[in-house]
Structures are given as structure tokens and as C-alpha cells.
Amino acid sequence: MKIFIWLVAEILSVAFLFGSASYAGTTTAVSVNNGGEVGNNDSSEAAISADGRYVAFESKAANLAPEDANEITDIFVHDRKTGETTLVSKSSHGGNGDSTEPSISADGRYVAFHSWAGNLAPGDTNAKANVFVHDRQTGKTELISKSSD
């Protein structure tokens, strides 16, 4: 069963990320905030859950989630059913470095990503890029792969 076709379009020098459900014949923007406003900066590197409901992506946009005002590349998940977009690459104080290359589990619960942020999870003390997994159900982010010191 063919679920999605992905397109990245550049319009007015701003990249928009679109998901197209081939079974429904629709194309919708997923790099939008909860009010439907398109991100104010580039979005790319999409990953899709098995059923096509959840789309993880990286974005430099600062208007996709209320808690994101740091103007660095972050990881977001957009729920195509509810229209909700959530910031994933965060700690209780927000991420302090770029986060990229998301991958999402089949059911959309877990999001893995690469990050230079040093404050996303306990034990990240090497000031280098590492791999993290965020559990969207519990809200916890775990350090999975630590670069050599």
C-alpha cells in the first residue's frame, strides 16, 4: 500500500514541507503551527510513521511551537489527524544546539535525532553531537549514543 509521496517546494525563498496521502488524494503542509500558520523559516528532512499520521521533521522556523524561540534547528512532530505540531528536541530549558535528521517509530511514539545540544538529557557532557530518542508519550528524552570525548 502506497501511503505518501513527499515534495519539498521553495516558494518565496521559504521552504515548505508537504505530505501527500496518495490514498486520499490530498496534499497538506505539515511544517505549520497549531493555528495552521506556515513556518517562518526552512523545514526539511521528513520522516513518516507507518500509518502516515505523524510526520517528524527538522526546522529553523521559530513560530511552530510556543516554547521554541531559540532560532536554531529543532525537531518537530506534526499530527496530520489533529493538526497539532509539537517540539521534540527540547529539555525543560529548551535545546541549546542544532538538532537534525529525525527518524520516527512506526507508531509515532519515539523520535530519534542527532543533536549538538548539550542540555537535552542527563549524562551529555562531551560538548559534541550525539543521538537522542524522545518518547512522545512520557515526554522524556534519552541520550542513546555519546560521541567520544
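Biologist: Is Phe132 buried or exposed?
Modeller: Phe132 is buried, because its relative accessible area is 0%, where buried means under 20%, exposed means over 50% and partly exposed lies in between, using a 1.4 Å probe and protein chains only. Please keep in mind that this is a predicted model, in which local features need pLDDT of at least 70 and side-chain atom pairs count only at pLDDT 80 or more, while totals for chains, interfaces and linings use all residues. Residues are numbered from 1 along each chain as its sequence is written, and side-chain values use heavy atoms, leaving out hydrogens and water.

Biologist: How many aromatic pairs are there?
Modeller: The count comes to 2 aromatic pairs, where rings of Phe, Tyr and Trp (its six-membered ring) pair if their centres lie within 6.5 Å, and planes under 30 degrees apart count as stacked, over 60 as edge-to-face and the rest as tilted. The rings of Phe57 and Phe76 have centres 5.8 Å apart and planes at 25 degrees, so that pair is stacked.

Biologist: Where do Phe57 and Phe76 sit in the chain?
Modeller: Phe57 is in strand S5 (residues 54–59) and Phe76 in strand S6 (residues 74–79), 19 residues apart, so the pair links distant parts of the chain, with strands being DSSP runs (E, at least two residues) numbered from the N terminus. Phe76 is buried, with a relative accessible area of 0%.

Biologist: And what about the rings of Phe113 and Phe132?
Modeller: Their centres are 5.9 Å apart and their planes at 25 degrees, so Phe113 and Phe132 are stacked.

Key
Helices (H or I, at least four residues) and strands (E, at least two) are DSSP runs, numbered from the N terminus.
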